[in-house]
Amino acid sequence: MVIQQQLHSIDTVWELAHAPENDSKRFYLINGELFEMSPVNRQHANLASLLIYYLQGYVLDNDLGEVHTEAGYHPTDDRHTLLAPDVSFISHARVRQEPQEKFIALMPDLAVEVVSPSNSIQQIRRKAAIYLHNGSTLVWIVLPEQKGVDVCRFVDGSRLDIEFIGQAGKLSGEGVLPGFELEMTRLFPLEARS
């Protein structure tokens with residue numbers, strides 16, 4: 001939901017996020033347009049938690065970097081775009097030694113967005129393109145209704161390629177998380193047959 005039609009920056013969001021009256025609110029920016037994120041439902045929270053669990057275990061076991069939940073990321077050269085993926089990964093090679101209390105001045109290697117009833121697929125794909133255009137290598141869009149994940153990458157540096165992985169498939173970390181694989185049934189269990 002758009003909450004104001006004026007040019008905002010990451011500084012505006014920082015101030016809003018730390019104001020006592022906004023204690024339970026979360027915001028993001030696209031081209032200076034400020035949005036408030038709605039609280040998520042049980043299914044959304046469960047899917048994000050499962051992904052954190054599987055990714056965090058793999059990343060820690062292999063000493064690959066950091067896994068975050070809802071961290072604020074902005075392009076280094078753009079103070080008017082700030083996104084907060086449900087789950088994200090940054091490799092050690094890309095983590096900067098900057099204050100941990102500030103938003104992260106780069107896009108994650110992997111961004112994961114779980115689609116909520118309050119989101120349209122067009123909104124989430126717009127975010128995927130922003131992540132990829134600004135330095136992310138891989139974006140997973142988790143689609144609860146379809147029981148699958150859209151895997152998004154840029155082809156030829158600018159064309160968004162989307163591959164759907166359904167319940168029978170598996171997610172791959174590709175070059176971002178080499179060797180990581182996750183059977184989709186770990187996120188969307190097959191229904192028991194009688």
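View 1. E181 is exposed, with a relative accessibility of 51% (exposed is over 50% relative accessible area, buried under 20%, partly exposed in between, with a 1.4 Å probe and protein chains only). This is a predicted model, where local features need pLDDT of at least 70 and side-chain atom pairs pLDDT 80 or more, while totals for chains, interfaces and linings use all residues. Numbering runs from 1 along each chain as its sequence is written, and side-chain values use heavy atoms, leaving out hydrogens and water. K170 makes a salt bridge with E181, closest N and O atoms 3.4 Å apart (a side-chain nitrogen of Lys or Arg within 4 Å of a carboxyl oxygen of Asp or Glu). K170 sits in strand β10 (residues 170-172) and E181 in strand β11 (residues 181-183), so the pair ties together parts eleven residues apart in sequence. Helices (H or I, at least four residues) and strands (E, at least two) are DSSP runs, numbered from the N terminus.

**View 2. K170 again, now with E183.** Here the salt bridge from K170 goes to E183, with closest N and O atoms 3.7 Å apart. It links K170 in β10 to E183 in β11, 13 residues apart. K170 is partly exposed at 38%, and E183 is partly exposed at 39%.

**View 3. D150 meets R125.** The closest N and O atoms of this salt bridge are 3.0 Å apart. D150 belongs to strand β8 (residues 148-155) and R125 to helix α3 (residues 121-133), distant parts of the chain 25 residues apart. D150 is buried at 4%, whereas R125 is partly exposed at 32%.
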